[in-house]
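Hi,

Here is the structure I promised to pass along.

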Amino acid sequence: MDDDKLTSPPAWPEIVRKIRERTPARIFVERGATYSTKMSLELRGAHASAVDAVWTEFDLQKDLPLEFAARWGLFQVSSKAESKSQFLLRPDLGRTLSESAKNLIAQHCPNSPDIQIVIGDGLSSAAISAQVPLLFPLLHRQCRDRGWSVGQSFVVRYSRVGIMNAIGDLLLPRVIVLLIGERPGLATAESLSAYMSYSPRAGQTDAGRNLISNIHARGVLIEDAARRITNLAAEMMASHRSGTTVKEENPRLPY
């Protein structure tokens, strides 16, 4: 008898529908005393995807297409962290290159390029697999079109953002671009960040870096990300600095 008294919840106003269409965030979700079964299952699934993204070990041979890695001559090195658990517990180890990594990079990468693009697993291997094969070629071509020399790219496993300083000390690039997996949330586990720095060296802090984040299908689109990265790199080269004193000029943001 009680079931006969149940009614469907009223439809959301049009303005709410439009807001929900423009963001992957879970806003204005239907709920009573608790979340609906559908929403609870969605949240549990998103949480599981986030946990998997953090704990999955990145491997160049299986997580990026073989033809993509071969075309760009990609190779893999590691930070001083020796395992995923150590990487998560000791962020400082993820900011420094191992000795074998330094030797391999020195053997394969030329010094002093205009642009050095580095791929780091960070906190989401899924972001690397999903975004890098599309973004990297476009970014590389736009840099070449501007007449910049582009260094030999490589992948750093167990990497934190601070690894940029160690690479800067080793290769002396004018601008370094680190494509790194973001900490996953409940909206997506495939979001990529592009951290950038002009002439990075030991001791540089986040204040000396710039960031373009949320690169994924429902965030900053690949084409926009490549354009914003190259435009920002041009500003850095013109001003000989990066960080809080360098701002993007009229970025076409997705909102």
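In helix 9, the buried residues are Ile222, Asp224, Ala225, Ala226, Arg228, Ile229, Thr230, Leu232, Ala233, Glu235, Met236 and Met237. Please keep in mind that this is a predicted model.

Helix 9 itself runs over residues 222-239, 18 residues in total. From first C-alpha to last it reaches 26 Å, close to the 26 Å expected at 1.5 Å a residue. Just after helix 9 comes His240, with a positive phi of about 60 degrees.

**Leu64**

I also looked at Leu64, which sits in the loop between helix 3 (60-63) and helix 4 (66-71). Leu64 counts as buried because its relative accessibility is 3%, and the cut-off for buried is under 20%. Leaving aside neighbours within four places in sequence, Leu64 is in contact with Phe58, Asp59, Leu74, Ile128, Ser129 and Pro133. Of these, Ile128 is 64 residues from Leu64 in sequence, yet their C-alpha atoms are 7.9 Å apart in space.

**The chain as a whole**

The protein chain has 9 helices and 6 strands. Of its 255 residues, 45% are buried. Among contacts with a separation of 6 or more, 69% join residues 24 or more positions apart. The chain exposes about 13,400 Å², and carbon and sulfur atoms supply 52% of that area.

Happy to talk any of this through.

Best wishes

Technical notes. Residues numbered from 1 in each chain as written. Predicted model: local features only at pLDDT ≥ 70, side-chain atom pairs only at ≥ 80, totals over all residues. Heavy atoms only, no water. Helix = DSSP H or I, 4+ residues; strand = E, 2+ residues; numbered from the N terminus. Buried < 20%, exposed > 50% of the residue type's maximum accessible area, 1.4 Å probe, protein only. Contact = heavy atoms within 4.5 Å. Areas by Shrake-Rupley, 256 points an atom, 1.4 Å probe, with all protein chains shown as cover. Expected span 1.5 Å × (residues − 1).
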